[in-house]
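Colleague: Could you take me closely through one part of this model, the parallel sheet, and then set the helix packing beside it? Please give the cut-offs as you go.

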Amino acid sequence: MNQNRLKQLDGQVLFEILNTLKDPIWITEKSGNVLWVNRAAKNFFKRDDLIGKNVYEMERQGVFSPSITRLVVEKKQFISTAQITQNNESLLASGDFIPDKNGDIRYIVTHARPLSQVIKKSNELEKVESILELYKQQIRQLLIEQKQQANDFFLGKSKASQQLKTWAEKIANVDTTVLLTGETGVGKTAFAYHIHQLSIRSDKPFIHLDCSAIPDSLIESELFGYKKGAFTGASTKGKLGLIAAADQGTLFLDEIGDMPFHLQSKLLQFLQNKTYRMIGDNKVQQADVRILAATNANLKERVKEGTFRKDLFYRLNVLSIEIPPLRERKEDILPLINFYLNKFNKKYSREQKLSKQVIDILYKYQWEGNIRELENLIERLVITTDGTTITIDDLPNDFPIEYSQPIFSNKIESQSLPAYLNEVEKSIIIETYNETKSTWKTAEKLGVSQSYIVRRFKKYHLRISDKKIIED
């Protein structure tokens, strides 16, 4: 009897029932067009214009990721997975489809709930932990993919860059100290920030302290803070240090080798116990801070010289990662040039391009200042060049020009930079294969997967004949 009465309810009443729910409900077509959403969806996304929008387009815009509708259409089954909104909120989202008379997808209905609510309403601790772990992994993977795509540090295709990318993923959630080494300008700060972004501390502060840029007399108060009246000239209100400011987050100690010797024991105590004392205070403070450190100095030599504590070195050196200079990963130079050229063209509303001669010169240059030097040079060239093409004459007067023969002779002056980079990649692949006689060995030598090489064969219309590459 009750079921019959329910069947007689009109559609408007059913929609009103769905509007009473506190969780967002979406009804979409197979094409992704939104047919109806309840009030909770409008309130959650703070938009009244959801109906008529396309969820595939909204996914591309980053309103949410992934699109549950898309996953249901692709897999043609019930889907339940983690979803991240553009405000970095985590949802447990589910979706299923309503079939037509032939069993094909007609409509998709999706439901979402903030992940925090899902966990709070579960009374079974074991279930909570399994749900949390599952969605933490899924959310972390989504964040890794999104943030790596946005990080210019990993634009390069060299084997070294790919290894650094793998290291960042591995150590992001291992909450231990990391020591980054490498020359000035190789990107130690960018790499440290990337580790922070991928970690569970990503929504907490990332504090950067350059130990070489602050006088010895001030660095202790900057790091640990002080109580009011702690010393002559101190603020009457006192001051919180950077350790306190980084609580729950990450503190990056750049150029750690320049930290004054008398402060190194205090830093060691904090690393071991997560405790410290403000200047002028006997009270022991605590802070949950992950320490990342970096140096361009040889700390082992400084330990021998007696200017750096051996016990602090071993405590910092739990995970040590060396970032190689740009001249040792030449495959990264052209992608970085392209990236920064586009970046500064957009920033300064220009349409500059590099001549092929300039590209060859920049490729052969040793880049003693590494990525920082490259970025600064490209910005300068975009700003100062009058014409639309940056030529040798536009390079700084003190820039060493070592140009004889181009890297590759089959250049066409009318090519765009992306087209020229394709020519460069194709030439490198052909040269390497002709040397190794194997797609697998070619992939290994270039630091990419074998499937990547195979795809490039298809892209550039290459085929193998008598162990030699032939262009169709």
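Modeller: **The sheet and the packed helices**

Thr-250 has Arg-290 of S14 as its bridge partner, and this pair belongs to the pairing of strand S11 (residues 250–254) with strand S14 (residues 290–295), which runs in the parallel sense over 4 bridges. The model is a predicted one, in which local features need pLDDT of at least 70 and side-chain atom pairs count only at pLDDT 80 or more, while totals for chains, interfaces and linings use all residues. Residues are numbered from 1 along each chain as its sequence is written, and side-chain values use heavy atoms, with hydrogens and water left out. Strands (E, at least two residues) and helices (H or I, at least four) are DSSP runs numbered from the N terminus, and two strands pair if DSSP finds at least two bridges between them.

The open sheet has 5 strands in the order S8-S11-S14-S7-S15, with parallel pairing. Strand S8 (206–210) and strand S15 (319–322) are its edge strands, each pairing on one side only. On average, neighbouring strands of this sheet are turned by 20° against each other, direction ignored.

For the helices, axes are lines fitted to C-alpha atoms over the stretch in contact, and angles run from 0 to 180 degrees between N-to-C directions. In contact (heavy atoms within 4.5 Å) are Leu-164, Ala-168, Glu-169 and Ile-171 of H8 and Phe-191, His-194, Ile-195 and Leu-198 of H9.

Helix H19 (residues 439–446) and helix H20 (residues 450–459) pack at an angle of about 110°, with their axes 8 Å apart, and H19 is therefore roughly perpendicular to H20. Their contact is made by Thr-439, Trp-440, Thr-442, Ala-443 and Leu-446 of H19 together with Gln-450, Ile-453 and Phe-457 of H20.

As for charged side chains, Arg-70 and Glu-74 meet in a salt bridge at 3.1 Å, N to O, the rule being a side-chain nitrogen of Lys or Arg within 4 Å of a carboxyl oxygen of Asp or Glu. Because they lie 4 residues apart in helix H5 (residues 68–75), Arg-70 and Glu-74 are separated by about one helical turn. By this rule the count comes to 20 salt bridges.

Conventions: Parallel < 35°, antiparallel > 145°, perpendicular 65-115°, else oblique.
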